[in-house]
Amino acid sequence: MLPPALRRTAALVVTGCAAVTASLALAFAGQARPDGLDAAVDTHVRSGLGQYPEQLHLLAELGDLVPVTVLTAALILACLAVRRRRGAALACLAVPGAVALTEFVLKPLVGRTIHGAYLCFPSGHATASFALATTCAVLLARPARRRLPGAVRLLLVLSAAVVAAAVATAMVALGHHYFTDAVAGTAVGLGMVLLTALLIDWAADSLRARRRAGGPPVTSRPDPQSMTGHLVAGEASRRAAGPAT
């Protein structure tokens, strides 16, 4: 999945994402109000974008369950169509895994709410959108068709990242999440995809190493040349020994 030169960087990013998520979770556990940073950023975002409610709702809907499911299925089918089984496994495992981690583990565990109304940390929309964007980035790091120019791949990755950031921003602007909820969701989505990619690569490399260590299969059929050599050597030994007494 990941080029070998990028795997160490990916591992560092995963570690950073885990640290950010854990730090924010400890800081906001059980709270029902924004802190100073949230209050400042949220006010700025809502005042600047609040006049575009229709556009914000359209962006926010991209992070809903149905669009995320459809986009994930599209990535899986596209990978299978070009015989990228690891890519299909990445999309199948990482995106649902990131969403499940947010919705069923972190939100109940942290218990942060929007004014006591509903659990909000981390943002599920930010998690899903950045998980999809990161999956696209990993797949484009080693595209199935090498003819795709690097500039085009970079443009596609940046476009996916911009859309993901727009979804997360829309949720803050609509008042559905605090700024730090979106930051934590971004970290979960990004970190989960990179971790899954690293695990898939590790499993594939381990399997390849075991196959190489096993060597070629051993057959029970005798080698004709070897048998001929043994017969010739035996005949020569009998002649050298002379007649038996």
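Buried here means under 20% relative accessible area, and with that in hand we can take a close look at this predicted model.

Figure 1. Asp38 has a relative accessibility of 0%, so Asp38 counts as buried. Because Arg112 lies in the loop between H5 and H6 and Asp38 in helix H2, the pair ties together parts that are 74 residues apart in sequence.

**Figure 2. Asp201 and Arg86 link helices H8 and H5.** Here the side chains meet in a salt bridge, at 3.5 Å from N to O. Asp201 sits in helix H8 and Arg86 in helix H5, so this pair connects parts that are 115 residues apart in sequence. Asp201 is buried at 1% relative accessibility, whereas Arg86 is partly exposed at 29%. Both residues also belong to a network of salt bridges with Arg7, Asp205 and Arg208. In the whole structure, the count comes to eight salt bridges.

**Figure 3. Glu103 and Lys107 pair up along helix H5.** Their side chains form a salt bridge with an N to O distance of 3.3 Å. The two residues are four apart in helix H5, which means that about one helical turn separates them. Residues three or four places apart point the same way, because an α-helix has 3.6 residues a turn. Glu103 is partly exposed at 32% relative accessible area, while Lys107 is buried at 9%.

**Figure 4. Leu90 sits in the largest nonpolar core.** This core has 24 residues, and those with the most contacts inside it are Met1, Leu2, Leu90, Val138, Val193 and Ala197. Helices H1, H4, H5, H6 and H8 each supply at least two of its residues, and H5 gives the most, with six. Leaving aside neighbours within four places in sequence, Leu90 is in contact with Met1, Val95, Thr135, Val138, Val193, Thr196, Ala197 and Ile200. Apart from this core lies another, of 14 residues, among them Ala126, Ala170, Met171 and Ala182.

Figure 5. Thr134 is found in H6, which covers residues 124-141, and has 8% relative accessibility. Beyond residues up to four places away in sequence, Thr134 touches Leu190, Val193 and Leu194.

**Figure 6. Helix H7 and its cover.** H7 runs over residues 150-173 and reaches 34 Å from its first C-alpha to its last, close to the 34 Å expected at 1.5 Å a residue. Its buried residues include Ala160, Ala164, Val167 and Ala168. What covers the buried residues of H7 includes helices H2, H3, H6 and H8. After H7 comes Gly175, with a positive phi near 80°.

**Figure 7. Backbone details in two loops.** The loop between H5 and H6 holds Pro122, and the peptide bond from Phe121 to Pro122 is cis, with omega near -5°. His115 lies in this loop as well; its phi is positive, about 50°, although His115 is not a glycine. Arg83 is found in the loop between H4 and H5, with a positive phi near 60°. Arg83 is exposed at 78% relative accessible area, and His115 is exposed at 62%.

Methods:
Residues are numbered from 1 along each chain as its sequence is written. This is a predicted model: local features need pLDDT of at least 70, side-chain atom pairs count only at pLDDT 80 or more; totals for chains, interfaces and linings use all residues. Side-chain values use heavy atoms; hydrogens and water are left out. Buried means under 20% relative accessible area, exposed over 50%, partly exposed in between (1.4 Å probe, protein chains only). Contact means heavy atoms within 4.5 Å. A nonpolar core is a set of buried Ala, Val, Leu, Ile, Met, Phe, Trp, Tyr and Cys residues joined through side-chain atoms within 4.5 Å. The expected span of a helix is 1.5 Å times one less than its number of residues. A salt bridge is a side-chain nitrogen of Lys or Arg within 4 Å of a carboxyl oxygen of Asp or Glu.
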